[in-house]
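Here's a quick tour of this structure, with a look at the overall fold and the nonpolar cores. Have the viewer open as you read.

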Amino acid sequence: MTRKTIISTVEVLGQSDTYTLRELCERGGVNAEFIIELVSYGVIAPVEERPAHQWQFDTLALARLSRAMRLQRDLQLNLPGLAMSLDLLDEVNELRREVARLNQQLSRLIAD
Amino acid sequence: MEFKDYYKILGVAEAASADDVKKAYRKLARKYHPDVSKEQDAEVRFKEVGEAYEVLKDPEKRAEYDQLKRMGAYSEDGRFRPPPDWESASNFNGGGFTEADARHFSDFFESIFGRGGSAHRTYKQGHQQSFRMRGEDVHAKIALFLEEAFHGCEKQVQVQVPEIDEYGLVGHRSKSLNVKIPAGMGPGQHIRLRGQGAAGFGGAENGDLFLEVELAPHPVYSVDGKDIYLTLPVSPWEAALGATVTAPTLSGKVNVKVPKGASSGQKLRLKGKGLPGNPAGDQIIVLQVTLPKSHSADAEALYKELAEKEKSYNPRSKLGV
């Protein structure tokens with residue numbers, strides 16, 4: 001089923017857009033204990049080190065949480081494995097972008 | 001619908017043991033996971049693999065599937081149709097527990113085992129007492145051409161939004177949205193569409209839709225954060241003597257001053273000519289000294305004269321030769 005809607009309000013998210021622990025739980029559909037565990041394993045991190053009830057997370061953390069949940073569900077990773085996978089994936093993606101950029105520049109240099 | 005060969009999808013023999021099936025699944029799930037794989041059709045493959053495993057890991061479903069496969073329940077047009085009196089004993093409908101994301105199983109799967117999805121997600125989180133639950137956020141990516149990101153654009157996106165029906169079963173529906181992308185979005189930046197995620201339950205708020213911007217490779221420019229890189233060819237005499245040359249930018253042509261004695265790889269920065277924003281990025285020009293493919297006899301004579309005059313210059317001095 002497909003429905004079409006015209007959207008006019010788009011928000012560009014920057015560093016000032018943050019979410020509390022409670023908001024993160026609601027948005028991800030997970031409980032606070034799970035988030036606290038994710039933070040203790042470094043899977044996601046609040047913007048500043050503070051007691052849990054004062055935590056603020058940025059949009060990147062929110063996106064990372066959704067990725068973490070997908071990976072955990074689909075590949076049955078434990079938390080240390082999850083933390084490492086996400087770090088490595090970030091690095092791999094960074095490198096892929098860099099390689100693509102360099103390849104592109106290189107191909108221009110040897111094109112003529 | 002097509003008959004799906006679950007054995008082929010997992011790359012195992014029909015006689016494969018439960019262990020082999022599990023091993024094959026785990027390997028393919030890692031390989032095609034959409035968050036991991038860079039292959040184009042990763043998402044489709046991943047769903048197929050998950051569906052195949054859902055059937056083959058369960059002895060009961062596997063036996064039923066094998067039976068159908070042997071019976072060859074095909075109609076005259078060669079397409080698969082389950083026998084009219086077919087009813088699966090596994091009763092997948094009833095919310096049978098599944099590890100995989102059952103929202104994405106195919107019509108083929110559903111025609112044999114019933115509709116996927118279960119209410120366990122709702123229960124697991126203990127929201128069932130309140131009957132009010134904020135809709136899930138949905139995260140997706142949006143791919144833009146550099147020109148679109150630079151100028152802003154209107155773009156249609158397709159997203160899969162989870163939906164809970166009146167029986168508490170989680171399904172999904174495909175939603176198409178026209179999104180107005182503001183100028184200057186860089187790769188990795190997020191935009192939010194409020195209330196466009198999954199619907200709230202029991203009158204609670206809808207979730208939001210988050211879109212992460214990705215840029216398609218551009219034939220001329222490359223992008224690093226908010227900066228745009230351009231390789232600009234210059235002739236040896238322009239580089240040696242300095243010159244004012246024309247360079248393209250995404251907002252039109254500009255004149256650039258090539259400094260006297262410039263060399264290949266030297267960078268020139270055009271402030272504020274990168275992706276718009278606050279602050280805007282820069283366009284960074286990387287000079288590349290280029291020679292004509294052939295020279296006239298006159299030009300060759302001049303080169304000979306130049307070679308004589310610049311005898312002391314050894315471009316390979318750093319190599320120790």
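## Contacts and overall make-up

In chain B, 57% of the contacts with a separation of 6 or more are between residues 24 or more positions apart; two residues are in contact if their C-beta atoms, placed from the backbone, lie within 7 Å. This is a predicted model, where local features need pLDDT of at least 70, side-chain atom pairs count only at pLDDT 80 or more, and totals for chains, interfaces and linings use all residues. Residues are numbered from 1 along each chain as its sequence is written, while chains are lettered from A and ligands numbered from 1 in the order in which they are written.

Chain B has nine helices and 11 strands (DSSP runs numbered from the N terminus: helices are H or I, at least four residues, and strands are E, at least two). Of its 321 residues, 26% are buried, meaning 20 or more other C-beta atoms lie within 10 Å of a residue's own, with C-beta atoms placed from the backbone.

## The largest core

The largest nonpolar core has 28 residues, and Leu146(B), Ala149(B), Leu209(B), Tyr221(B) and Ile228(B) touch the most other members. (Such a core is a set of buried Ala, Val, Leu, Ile, Met, Phe, Trp, Tyr and Cys residues joined through C-beta atoms within 7 Å.) Domain 2 (138-215) and domain 3 (221-293) of chain B both contribute residues, so this core lies between them; the domain bounds come from an automatic or database domain assignment.

Take Leu146(B): leaving out residues up to four places away in sequence, Leu146(B) touches Leu215(B), His218(B), Tyr221(B) and Val223(B).

## A separate core

Another core, of 20 residues, lies apart from the largest one, and its members include Ile9(B), Val21(B), Ala52(B) and Ile112(B).

Methods: Buried ≥ 20, exposed ≤ 12 C-beta atoms within 10 Å, placed from the backbone.
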